[in-house]
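Here are my notes on the model, point by point. Please read them with the structure open.

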Amino acid sequence: NQSYSWFSHTANTAIHATSNLTLGGRFFIDGNATNKRIGVAVSNNASVTSNATFDINTGGLNNAVAVFGPSNNKGTFTQNSGSFTVHSAVTGGNAIYNEGTVNLNNTTMAINGGGVNGVYNATTDAVLNTENGTYRVNKAGSNIIDNKGTASIGGGDFGVTATGANAIHNTRTLSIEGGGYTVNAPGSDLIVNDGANANTHIFKNNTHHTYTTVNNDKFVVTANAVGSNAIRNVGAAILRVSDRTFDVEGKTSNAINNPATAKTTLTDNTFNINAQQSNAVYNKGTLSLHGTTNTKDTFYIRGSKSAGVYNDTKGIVTGTNFIFDIGATNPHASLESEANGIVNLNVTNDPAVSLYNGTFTIALRESNGINNAASAGGKIYVQNVDFESRGWRTSGIQNQGTVTAVGGTFTVNGSESNGINNVTGSTKV
């Protein structure tokens with residue numbers, strides 16, 4: 001090993017590449033709480049191409065690969081196949097530390113240590129590109145990717161099996177095309193889009209790329225993932241999702257958690273909410289549904305006390321070209337009840353929810369298309385929206401505030417059901 005220093009970075013390293021290099025073989029990195037060790041360091045505009053196997057066995061400050069350099073002199077590291085394994089005794093560090101450019105193609109990565117990143121895109125001008133591959137995070141406090149720069153993720157099989165872990169934590173610019181994402185642990189997230197500079201775009205696999213389809217390219221929250229989120233959009237972050245499918249099987253979970261000041265735009269997505277007390281979108285920020293005429297944003301709500309959109313205090317929802325299906329298509333249990341297409345608790349904004357050109361079909365008993373639920377009275381506006389109340393004691397709109405309905409139809413086929421159920425003190429215009 002040699003002592004390697006590059007600006008503020010000092011560590012013992014096996015290989016320091018300052019010119020182009022192709023490598024294979026296997027690298028074992030060990031250390032303790034104070035040692036800093038690097039398998040391969042890349043700098044000075046060097047380009048390293050690898051299919052090696054990297055193991056970080058112990059330590060808390062090690063990196064299997066580190067890419068350094070000032071803004072005009074950065075290194076590039078490309079991994080074709082090969083693997084990175086961070087073992088369970090590891091308490092920190094990264095499989096890859098990046099200030100330059102990293103390309104991962106059909107790579108396997110397993111993060112079994114705590115407080116570890118698979119890839120740490122450490123600076124605002126760091127670039128990460130991935131194509132396919134298999135990625136797992138199996139211990140609390142770790143991420144497969146922590147991005148502070150620009151990350152473009154193409155395809156891939158991403159899994160979270162530990163509580164308090166994330167597949168991708170993003171604070172800058174992130175694009176995700178295709179890929180299958182599964183969270184199988186309580187209290188965890190697949191994607192965290194975090195802060196005022198975070199901008200994430202998630203979209204389907206386009207035909208001009210060769211990304212492998214994984215698990216039908218779905219975001220899946222399993223039954224074991226109680227209280228988890230497929231996507232958590234934090235702070236003033238911006239999130240756009242188009243043409244993706246979300247399956248929520250975990251109780252008290254969300255496909256998308258969009259808290260205060262966050263902004264989410266959805267286009268032509270499908271949400272399957274099969275768990276109880278769960279939501280397609282929990283919203284306390286700004287949520288826009290921008291479905292197209294042919295595809296639409298479609299919400300299938302099949303679990304008791306679940307919702308397509310749970311619009312909490314201060315949340316604002318606008319939408320056009322959408323479908324809310326509450327137990328009408330492929331219901332998984334006849335006894336499910338008390339579900340809603342949209343729940344509104346915002347009493348401040350006028351309107352809090354404004355919807356155009358969509359449909360609500362309510363088949364689960366004692367359920368509602370829209371539940372304008374705040375006792376202080378929220379304001380809802382719907383135009384050319386159709387409601388069909390099929391189930392027992394269902395309502396197109398359950399209203400405790402003010403509803404303005406322009407155009408559209410209300411069809412009542414269920415016993416003891418309503419088009420609009422105005423409770424005492426509410427208003428329908």
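1. Leaving aside its neighbours within four places in sequence, which residues is Thr107 in contact with? They are Gln79, Ser81, Gly82, Phe84, Gly133, Thr134 and Tyr135. Contact here means heavy atoms within 4.5 Å.

2. A word on the basis of these notes. This is a predicted model, in which local features need pLDDT of at least 70 and side-chain atom pairs count only at pLDDT 80 or more, while totals for chains, interfaces and linings use all residues. Residues are numbered from 1 along each chain as its sequence is written, and side-chain values use heavy atoms, with hydrogens and water left out.

3. Back to Thr107. It is found in the loop between strand S12 (101–105) and strand S13 (108–111). Helices (H or I, at least four residues) and strands (E, at least two) are DSSP runs, numbered from the N terminus. Thr107 has a relative accessible area of 0%, so it is buried. The cut-offs are these: buried is under 20% relative accessible area, exposed is over 50%, and partly exposed is in between (1.4 Å probe, protein chains only). A polar atom of the Thr107 side chain lies 3.4 Å from the backbone oxygen of Gln79. For a polar contact, a pair of N or O atoms must be within 3.5 Å; within protein, one must be able to donate a hydrogen and the other to accept it, and residues adjacent in sequence count only if both atoms are side-chain atoms.

4. Look next at the strands around that loop. S13 pairs in the parallel sense with strand S10 (residues 83–86), over four bridges. Thr108 in S13 is the bridge partner of Ser83. S13 also pairs in the parallel sense with strand S16 (residues 134–137), over four bridges. There, Ile111 has Val137 of S16 as its bridge partner. Two strands pair if DSSP finds at least two bridges between them.

5. What do polar atoms of its side chain lie close to? The backbone nitrogen of Gly100 is 2.8 Å from one such atom. The backbone oxygen of Val127 lies 3.0 Å from a polar atom of the Asn98 side chain. Leaving aside neighbours within four places in sequence, Asn98 is in contact with Val67, Tyr120, Asn121, Ala122, Thr123, Ala126 and Val127.

6. Now the charged pairs. How many salt bridges does a search of the whole structure find? Eight. The criterion is a side-chain nitrogen of Lys or Arg within 4 Å of a carboxyl oxygen of Asp or Glu. Side chains of opposite charge can pair when their charged atoms come close.

7. One of the salt bridges joins the side chains of Arg232 and Asp189 (3.0 Å, N to O). The pair links distant parts of the chain, 43 residues apart: Arg232 is in strand S26 (residues 229–234) and Asp189 in strand S23 (residues 189–194). Asp189 is buried, at 6% relative accessibility. Arg232 is partly exposed, at 29%.

8. Arg365 and Glu366 form another salt bridge, with the closest N and O atoms 3.5 Å apart. Arg365 is partly exposed at 30% relative accessibility. Glu366 is partly exposed at 30%. Arg390 and Glu388 also form a salt bridge, at 3.1 Å between the closest N and O atoms. Arg390 is partly exposed at 41%, and Glu388 is partly exposed at 22%.

9. Turn to the rings. The whole structure holds 19 aromatic pairs. Tyr356 and Tyr381 form a tilted one, 5.8 Å centre to centre with 50 degrees between the planes. Tyr356 lies in strand S38 (residues 353–362) and Tyr381 in strand S40 (residues 379–389), so the pair ties together parts 25 residues apart in sequence. Rings of Phe, Tyr and Trp (its six-membered ring) pair if their centres lie within 6.5 Å; planes under 30 degrees apart count as stacked, over 60 as edge-to-face and the rest as tilted.

10. Ring pairs link twelve named residues, among them Tyr135, Phe158, Phe387 and Phe410.
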